[in-house]
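Hi,

Here is the structure I promised to pass on. Have a look at it first, and my notes follow below.

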Amino acid sequence: MKDSIPMKKEFQYFIESLLGWNSKLDVNLFHLDNMRLVSYQQETIHSDSLLFILVLSGNVNVKINFKRYEILANDLVLLSQGHFFELEHVSLDFSCILFHIGKDYINEMYSTEMLYKRTKYNVRMYKLPQIHLKENEVVILKKRLSLVSDEIENINHLYQKELILLSIRIFFLELSVI
C-alpha cells in the first residue's frame, strides 16, 4: 500500500537531478526532450520556485495541483511557488524550453514597479497554469528566453546578476501583454 503513493520531491532536487549538477546561479534555462523527462513520470513534485515551460513540440499530460492538463505544442505553463505537479505521459516527440527561477532569486527580482505586472498574470496562472499561445507569441518568448540564456552564460561580466535580472524583466513584460 505504501509503495502505491508517489514520493513528493522538492523542486530544487528535481531540477538538480534533471540537470545532473548543482547550479551556482538560481536562474537556469535549458532545452528538454522526452528522454530527459520520462524517468520523472508518476512522481509528485512540490514547486518552491518559478518554472516556465514553453512547449515547442509534442505533448505532455500533467497533473498540476492534482488537476489533469494536456499540454500541447505552443503552450506555456507556469508552475509557481506552492504548485504540485506530476508528469503522467510524455510524447516521444516532446521538446520544450524550461526556464527556472529559484526561490532565493525571486525576492531579489521583484521590485515595486514589477509587482503589478507580476500579479496581473501570476494570480490568473496559479489557477489556470496553461496558456495557449499563437505562433508569433512563441517566437517572441523564445527570443526573450534566448536573451536570458545569453546573460546566464555571460559569466565574466562584472554585472552579470543585474543583466540576468533585466533580461528576466523583459521576459515578464512580454508575458504580461500576452
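Six aromatic pairs turn up when rings of Phe, Tyr and Trp (its six-membered ring) are paired at centres within 6.5 Å, with planes under 30 degrees apart called stacked, over 60 edge-to-face and the rest tilted. Phe52 and Phe171 make an edge-to-face pair, with 5.1 Å centre to centre and 80 degrees between the planes. Phe52 sits in strand β4 (residues 50-57) and Phe171 in helix α6 (residues 160-176), 119 residues apart; helices (H or I, at least four residues) and strands (E, at least two) are DSSP runs, numbered from the N terminus. Phe52 also pairs with Phe172, this time tilted, at 5.6 Å and 55 degrees. Ring pairs join Phe52, Phe99, Phe171 and Phe172 into a cluster.

This is a predicted model, in which local features need pLDDT of at least 70 and side-chain atom pairs pLDDT 80 or more, while totals for chains, interfaces and linings use all residues. Residues are numbered from 1 along each chain as its sequence is written, and side-chain values use heavy atoms, without hydrogens and water.

Phe171 counts as buried because its relative accessibility is 0% (buried is under 20% relative accessible area, exposed over 50%, partly exposed in between; 1.4 Å probe, protein chains only). Phe52, at 2%, is buried too.

Over in strand β8 (residues 84-90) you will find Glu88, which is buried at 17%. Five of the seven residues of β8 are buried, so the strand is largely enclosed by the rest of the structure.

Happy browsing!
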